[in-house]
Amino acid sequence: MNAKIIVVSHKKYWMPDDEIYLPVFVGPAPDMPEGFVRDNTGDNISEKNPNFCELTGLYWAWKNLDADYLGLAHYRRHFSIKKNKIDKRGCVLTGKQLEAILADTDVVLPKPRNYFIETNYSQYVHAHHAEDLDTTREIISEMYPGYLKAYDDSMKRTTGHRFNMFIMKRELEDAYCKWLFDILFELEKRLDISQYSKNDARAFGFVSERLLDVWIETNDIKYRELPCVFMENQNWLKKGSAFVMRKLKAGRNER
């Protein structure tokens, strides 16, 4: 099986010891850890990392790697067959496990996130800027109108696949990346992020998380979902409190 899952990181971190994984170093830090490759070689958009996040690694892999299947994971988030709170490293997806999975599907996605009391649209605009998604919709309506219904439907749902994580057969990944970066590069031309906070300036990475389902649904792509293992403990109380506070603040502003 000729498959590569890039593991995107901006710092030295533990990496899975399996030949399907390729650590890719992104961002402006000058010193690259041993065992990594950098996303600033060949055809690349490395300089966009502060705004495109892990997508600079994805673009590099799309343009420069030769594999029948390509995937993206993060240094703190990996695909897994099942979760294990005690041995997180030991439950990261292996090449042998992936080979069995790809015998039945061409696409692997992480299990979806459910916002319950928020739609995908409202959750985004309460955390970031509505202009990001509204301008994206304008671009899709102009450049890829066949995807507009799926975009609108996705924005109304409370669930979605997040993290920009996936594993795809190469021809599907080629089609997805062309579509995705066509939209994001046009969004980059139209969106003024000069007054955004450092976090909100990562808009193109955030928006892309909301576009994967649009492409999957429009093209009727069959996929299998796998759990994600988080290599660091998640403070769900803190995350949940912040989520509720954003919702309450937005409710007051909308009165």
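User: Which handedness, left-handed or right-handed, has the crossing in which α5 passes α7?

Analyst: In this predicted model, α5 passes α7 in a right-handed crossing. A crossing is right-handed if the near helix is turned clockwise from the far one by less than a right angle, and left-handed if anticlockwise. Helices are DSSP runs of H or I with at least four residues, strands are runs of E with at least two, and both are numbered from the N terminus. Residues are numbered from 1 along each chain as its sequence is written. Local features need pLDDT of at least 70 and side-chain atom pairs pLDDT 80 or more, while totals for chains, interfaces and linings use all residues, and side-chain values use heavy atoms, without hydrogens and water.

User: Why are α5 and α7 described by the term they receive for their relative orientation?

Analyst: Helix α5 (residues 130-143) and helix α7 (residues 170-190) pack at about 125°, and their axes are 10 Å apart. Axes are lines fitted to C-alpha atoms, for helices over the stretch in contact, with angles from 0 to 180 degrees between N-to-C directions. Angles under 35 degrees are roughly parallel, over 145 roughly antiparallel, 65 to 115 roughly perpendicular, and the rest oblique. The pair α5 and α7 is therefore oblique.

User: What makes the contact between α5 and α7, and which classes of residue has it?

Analyst: On the α5 side are D132, T135, T136, E138, I139, I140, E142 and M143, which meet D182, I183, E186, L187 and R190 of α7; contact means heavy atoms within 4.5 Å. By class there are five nonpolar, two polar and six charged residues. Ala, Val, Leu, Ile, Met, Phe, Trp, Tyr, Cys and Pro count as nonpolar, Asp, Glu, Lys and Arg as charged, and the others, Gly among them, as polar.

User: How are α5 and α6 oriented to each other, and how is that known?

Analyst: Helix α6 (residues 148-156) packs with α5 at about 160°, with axes 9 Å apart. By that angle, α5 and α6 are therefore roughly antiparallel. Their contact is formed by L133, T136, R137, I140 and S141 of α5 with L148, Y151, D152 and M155 of α6. It has five nonpolar, two polar and two charged residues.

User: How many disulfides are counted, and by what rule?

Analyst: The count is zero disulfides, a disulfide being a pair of cysteine sulfur atoms within 2.5 Å. For C53, the nearest cysteine sulfur is that of C177, 15 Å away, and C53 is in no disulfide.

User: Are C53 and C177 buried or exposed?

Analyst: Buried means under 20% relative accessible area, exposed over 50%, and partly exposed in between, with a 1.4 Å probe and protein chains only. C53 has 9% and is buried; C177 has 0% and is buried. C53 lies in the loop between α1 (49-52) and α2, and its phi is near 55°, a positive value in a residue other than glycine.

User: What makes α2 a mostly covered helix?

Analyst: Eight of the ten residues of α2 (residues 55-64) are buried. These are L55, T56, G57, L58, Y59, W60, A61 and W62.

User: Where is H128, and is it buried or exposed?

Analyst: H128 is in the loop between α4 (120-127) and α5. With a relative accessible area of 17%, H128 is buried. Apart from its neighbours within four places in sequence, H128 is in contact with N199, D200 and F206.
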